[in-house]
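Here are a few notes to go with the model. Have it open while you read.

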Amino acid sequence: MEALVAGGWGLFAGVALLVGAAIGLLVQVPPRWIALVMAFGSGVLISAVSFELIAEAYERAGIVPVVWGAVGGAAVYSGANALLARRGARHRKRSGQQVSEAEAPGSGNAIALGALLDGVPESVVIGTSLLGGGHVGTATVAAVFISNLPEGLASAAGMRSAGRSRRYVFTLWGCIALISGGAALAGYALLGGASGTVMALITAVAGGAILAMIADTMIPEAYSRVHLLTGLVTVTGFLSAFALAHL
């Protein structure tokens, strides 16, 4: 039963991609507003990584697993992201710079893989947060949900401008949402017997990957549109998540 609850929370966070995609396809949202939400979501995610992932990993097993895990997660994410960028997924979070399938054959698949790369670490963490009778981290779920909204919105708008069909967009994000739920469920079901050190390592890996994702994709997208407002809005998101976690 608990595994299904974990999967449900992961699915809930993933559904934000579908909501964002629907808005991006049906409404002409100014890129500036998308960027502001992206900046806010970056701050929320940074707060969740700091206080719910890295801090928890440190409490479980100390500094060594945290360092190795975070650096490893960031390295794997950055390497995979660079590979996908070469195949047409460099601007997967941007509303007006995606290449079409005609310009870069296979770029649609690369975008889908990039979305998985962004979302799976977040979902696994949601699942593992319920282990040991714990409660899902409200700030973590909120952070993932808020960050997924502008990702779905910007990507769907970009896919529309690149000539991809609505069926393609909704099928893609629907599958990613389901996989997000499955990753949260798997995180709970497969790691229930893991030691504190292993759990700390996995949590730190996810934290490092998420931080790399924020730095590589979310903040650059926000800054390209709103420039000096990016820092202020990111801090606002950070403080909002911090307050949510401590109320």
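1. Helix α2 (residues 31-61) packs against helix α8 (residues 229-246) with the axes 7 Å apart and at an angle of about 45 degrees. Helices here are DSSP runs of H or I, at least four residues, and axes are lines fitted to C-alpha atoms over the stretch in contact, with angles from 0 to 180 degrees between N-to-C directions.

2. Keep in mind that this is a predicted model: local features need pLDDT of at least 70, side-chain atom pairs 80 or more, while totals for chains, interfaces and linings use all residues. Numbering starts from 1 along each chain, and side-chain values use heavy atoms, without hydrogens and water.

3. What meets what? On the α2 side, the residues include Leu36, Phe40, Val44 and Phe51; on the α8 side, Val233, Phe238 and Phe242 are among them (contact means heavy atoms within 4.5 Å). The contact residues split into 12 nonpolar, nine polar and two charged.

4. Thr230 sits in α8 and is buried, at 6% relative accessible area (buried means under 20%, with a 1.4 Å probe, protein chains only). Beyond its neighbours within four places in sequence, Thr230 touches Ala39, Ile219, Ala222 and Tyr223.

5. Thr217 belongs to helix α7 (residues 196-226) and also counts as buried, at 9% relative accessibility. Its side chain reaches the backbone oxygen of Met213 at 2.6 Å. Asn81 is 136 residues away from Thr217 along the chain, yet their C-alpha atoms are separated by 9.5 Å.

Methods:
Helix = DSSP H or I, 4+ residues; strand = E, 2+ residues; numbered from the N terminus. Nonpolar A, V, L, I, M, F, W, Y, C, P; charged D, E, K, R; others polar. Buried < 20%, exposed > 50% of the residue type's maximum accessible area, 1.4 Å probe, protein only. Polar contact = N/O pair within 3.5 Å; in protein donor to acceptor, adjacent residues only side chain to side chain.
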